[in-house]
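Hi,

Here is the model I promised to pass on.

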Amino acid sequence: MTLSIIIPMYNEEKYIAECLNSIKRQSFADYEVIVVNDGSTDNSEEACKEVIKGDSRFMIVSTKNFGQSHARNEGLKLSSGEYVYFLDADDYLYDDNLGNIMKDVSRYAPDVSVFSYYFLAGQNSHLEKIDKKRIMQTLAEFQEIYKEKKGAWTPGRNIFKRSFLLENGIYYDESLSACEDFDFNMKACFSAKTFFQSNDILFCYRHGREGSLSTKKGKKFYMDTFITFCKWHGRLNRYKEIQNTISNIYYGEMCNVFCENLLDREMKDVLGKTKKVLRTVSGKKRKVLACLCQISVSAAKHAYVRRKKLKKGIV
């Protein structure tokens, strides 16, 4: 078995058929698909069974609702392919590219592979294109692919060597409600000996759709984001492209904390522990955050929303 495709699924009855059919239409056929039903309360499992009936390459595993990270870990433990691919149930494979992609992966046998993908976000949809195919031996060379990319950490753009993940004990952190993809990627990147990047398009990534985990933010989401960024920030001093990317995300999420009135004592404690990340945010952005700290939350929210509208030319 060449490839194990692991799909965590929770209440995705609207999208799961498109996801699975995008796999079935591939001319490449040496794969298994493990759908981990994470306690869905809608008709996701029925929709899934309708698509995969009679195809022994597909299996459904049902668990209680322990979260997406747990579902991915369960799929990884059950997998048997030489390589592993994590695909979210609301995303889908692009065209019929998997055969060419797996030829390259099998040829170079890298620990971590990354591919181009379509970022789907309404009018902001675009192709996140990698320039060329390239095999690399160090994270210093590989880090360029994380430079200010939309959906940079999404698992659907990566294929991992399964033995590499298992031998290094690389699993998703099930305690995190945010940044689990970033954390997983960093564990993989710091352990990998070989990297492969390709301009082939692997999948289409739906971002910010209503009901998705990326739109359900709350205090724990922001705290997990800040703590996880801080955890890796010091180790990224030699990798400025990645460090700059997470510093800018940190800035944006801090603005959201002010606007959503989440700056309580617990949040202040977390922000105090992650100041080293803030120090790498550009001077102009640090001044914005300083101003937000000095004015009322309602005024901060008004100023931030107005600034976004000005940038879009709405006011």
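Which residues of helix 10 are buried? Met267, Val270 and Leu271 are the buried ones in this helix, which spans residues 265-273. Buried here means under 20% relative accessible area, exposed means over 50%, and partly exposed is in between (1.4 Å probe, protein chains only). Helices (H or I, at least four residues) and strands (E, at least two) are DSSP runs, numbered from the N terminus.

Before going on, some housekeeping: this is a predicted model, where local features need pLDDT of at least 70 and side-chain atom pairs count only at pLDDT 80 or more, while totals for chains, interfaces and linings use all residues. Residues are numbered from 1 along each chain as its sequence is written, and side-chain values use heavy atoms, with hydrogens and water left out.

Back to helix 10. Its buried residues, Met267, Val270 and Leu271, cover an arc of only 100° around the axis, so they sit on the same side of the helix. (The arc is taken from the directions from the helix axis to the C-beta atoms.) The face turned away from that buried side carries the exposed residues Arg265, Lys268 and Lys273. And what covers the buried residues? Helix 8 (219-233), helix 9 (240-259) and helix 11 (275-278) are among the elements that do, with contact meaning heavy atoms within 4.5 Å.

Gly218 is partly exposed, at 23% relative accessible area. Its C-alpha atom is 10.0 Å from that of Asn256, a residue 38 positions away along the chain.

Now the charged pairs. I count a salt bridge when a side-chain nitrogen of Lys or Arg is within 4 Å of a carboxyl oxygen of Asp or Glu, and that rule gives 17 of them. A few to click on:

- Lys53 pairs with Glu50 at 3.2 Å, N to O; Lys53 is exposed, with a relative accessible area of 57%.
- Arg57 meets Asp55 at 2.8 Å, N to O. Arg57 is partly exposed at 24%, whereas Asp55 is buried at 15%.
- Glu141 and Arg134 have their closest N and O atoms 3.6 Å apart. Both are partly exposed, Glu141 at 31% and Arg134 at 33%.

There is also a network: salt bridges that share partners join Arg72, Asp88 and Asp181.

Cheers
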